[in-house]
Amino acid sequence: MYGILIYPRREAERNRAAVRRYLEAFAGELSLVYEEALLPALRRGALERALPGAPSFALVRTMNPPLSRALEALGVRVFNSAAVSALCNDKRETYLRAAQAGIAHVPSVFCYGGEPLFLDGGAIAPAISRESSGTGDAAGRSSEAAVRGEWCESAAQCSDGGGETPPCADTEALPGHGSRSCAACAGNLLSRTVALALARFSLPLVVKPARGHGGRGVSLCGTEDEVRAAVRALAPDAPVLQPPTGERGVDVRVYLLGGELLAAMERRGAPGDFRSNFCLGGEARRLLPPPALREAVERVRALADFDYAGADFLRDGERYLLNELEDVVGARMLYTHTELDPIAAFVSHIRRELSTK
């Protein structure tokens, strides 16, 4: 049995103690590999040439679904899987899957597949609806919308838009034109997304990057101008717009190990910070999960085969709303405030999984 531990170089240096513990736990059966060393080969489609030896498993401690998929294509057992990585590392995927599964989540507006979407976060069957204005013909573009310039008239016109990849059209072309590389259409899509959020929610609004983590890039915006500026600042990442929900600066992080609930921690942000992040100076305490939270966790568990991950919830009255999923979840809170040893538990889980292959 031989495996690799993949970290971005900066994160490996920041998490030296965790790296050392992983390497010691596998006693010569694990090698540290920096993500940066693999990226050129990954882009060329020749990842196997950059791997040290022929690993049978990989602990991927970086948020890179394409890398996880490429490893799996080589027959490597990846912890967490590429499917989990894709689910956790794009908040739009998280909310869409939650909506489809009937999981209560934070109401959200974002652009996906060329359209602004509104998910209402309902506990039973969250609605996914498209904004009705400006979608009057088969091309997804009414004549009135065309006059207002909301979409380009032709693919040729699109090609003059600057050649920038729209931040919100990851899977298909934008409606009403033949190119996904039109910067003008991307801007119009973002404008419609902001307009939809302002129509659905009251100010202030939380604006966050779809692929962000650790509170980075998250803004609380009190005016329309602030919302638009925050959205522009996130480019090329796609924005997610949400109303502030629950007690400001407070959430619950649930740790899942082998799909089971390992621990729940209540997090409170630093004074004056609306973000509930322990590593940004916040506080944390262990929480005995109430029945409503356990029920929410059970629903989330069914979304994927989580090896070691985190699920963040906001409390809204008696409900717990899913806010985010983390597949590269940190453990500082657990080591600081509990007797648990999540790295040792994760290593034991990995050994059990590999022994059943």
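Biologist: Which residues of helix 3 are buried?

Modeller: In helix 3 (residues 35–44), E35, L38, A41 and L42 are buried. Buried means under 20% relative accessible area, exposed over 50%, partly exposed in between (1.4 Å probe, protein chains only). Helices are DSSP runs of H or I, at least four residues, and strands are runs of E, at least two, numbered from the N terminus. This is a predicted model, where local features need pLDDT of at least 70 and side-chain atom pairs count only at pLDDT 80 or more, while totals for chains, interfaces and linings use all residues. Residues are numbered from 1 along each chain as its sequence is written, and side-chain values use heavy atoms, with hydrogens and water left out.

Biologist: What do the buried residues of helix 3 pack against?

Modeller: Strand 1 (3–7), strand 2 (30–34) and helix 4 (65–73). Contact here means heavy atoms within 4.5 Å.

Biologist: And nonpolar cores?

Modeller: In soluble globular proteins, nonpolar side chains tend to be buried together. A nonpolar core is a set of buried Ala, Val, Leu, Ile, Met, Phe, Trp, Tyr and Cys residues joined through side-chain atoms within 4.5 Å. Here the largest has 27 residues, with Y22, F57, L59, F346 and I350 making the most contacts inside it. Helix 13 supplies the largest share of this core, five residues.
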